[in-house]
Amino acid sequence: MSTDPAAASAAYADLPLTLSEAGTGRPVLVLHGGGGPATVAGLADHLAGTVHTITPVHPGWEGTHRPAWLTGIDDLALAYLNLLRERHLSDVLVVGSSLGGWTAAEMALRDTEGLITGLVLIDAVGVHVETEPITDFFALDARGVAEHSWHDPDRFYLDPADIPADELARRQANMATMRILAGEPYMHSPTLLSRLGQIRVPALLLWGESDRVVTPAYGAAYAEAFGDGRLEVIRGAGHLPQIEQPEATFALIDEHLRRTGGPLRQR
């Protein structure tokens, strides 16, 4: 897709984004991972108490429209940058979970106008770390997903036999979209790690200590590659610390909000 602002607006005309918004103040874009918007709903609600949250549904998730041209995370990143541009937003903090964290990093790399002034990546995928391979999520059964994703898998495990047919179909459709956007190469860009040093805005990387999808060691390599990156490991959490340990996760994000960007702005 074109990075020229005028051309971009026309190019994204067939992409009606589904957005939830709340609060006022500094704009914060909250990007969900493969599990869909429900995985960041509590985080967005918390942030809306002090900032203006914008939480999109990635095209193709939850039955939303995905145009044929949107086939990669780079396309998604450019689409969200166009959203910020069209809304005339600046001093934006982008918070992304898992796949959303990867998208946030790609956005920051392509942000030639300086719209983004901070990043929070929560157990993000997106880079290749030779010694810490990303678990093949598509190869796991339901029990394997729970064991790799949660610190307390028994609490969150769902037997597929107990999931209503319509909910199961929704989840399967979401996974099909994830395969299109991130299935090849699997869950990463081969060159992203080497390019992260170009990003100068402060990046906070939050990692669940028990994440077996992408390990804390993977997170450490990710954080080290940024120009200004910092890793915080959250105890008692797996791949979604905002759900397992919300209090600790929210406190770290609140602190990052205070130390990044300019004065709060109401839009």
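View 1. Let's start with proline 185, which sits in the loop between α7 (165–182) and α8; helices (H or I, at least four residues) and strands (E, at least two) are DSSP runs, numbered from the N terminus. In this predicted model, local features need pLDDT of at least 70 and side-chain atom pairs count only at pLDDT 80 or more, whereas totals for chains, interfaces and linings use all residues. Residues are numbered from 1 along each chain as its sequence is written, and side-chain values use heavy atoms, with hydrogens and water left out. The peptide bond that joins glutamate 184 and proline 185 is cis, with omega about -5°. Methionine 187 belongs to the loop between α7 and α8 as well. Its phi is near 55°, a positive value in a residue other than glycine. Methionine 187 counts as buried because its relative accessibility is 5%; buried means under 20% relative accessible area, exposed over 50%, and partly exposed in between (1.4 Å probe, protein chains only).

**View 2. Histidine 88 in the loop between α3 and β4.** Look for histidine 88 in the loop that runs between α3 (73–86) and β4 (92–97). Phi of histidine 88 is near 55°, again positive in a residue other than glycine. With 61% relative accessibility, histidine 88 counts as exposed.

**View 3. Histidine 52 in strand β3.** Strand β3 (residues 52–57) holds histidine 52. Relative accessibility is 7% here, so histidine 52 counts as buried. If you trace from histidine 52 to proline 153, you pass along 101 residues of chain, and their C-alpha atoms are separated by 33 Å.

**View 4. The buried side of helix α9.** Helix α9 (residues 216–225) has Tyr218, Gly219, Tyr222, Ala223 and Ala225 as its buried residues. These residues cover an arc of only 160° around the axis, which means that they lie on the same side of α9; the arc is that of the directions from the helix axis to the C-beta atoms. As a handy reminder, an α-helix has 3.6 residues a turn, so residues three or four places apart point the same way. The cover over the buried residues of α9 includes the helices α4 (99–110) and α8 (192–195). Strands β5 (116–122), β6 (203–208) and β7 (229–234) are also among the elements that cover them, where contact means heavy atoms within 4.5 Å.
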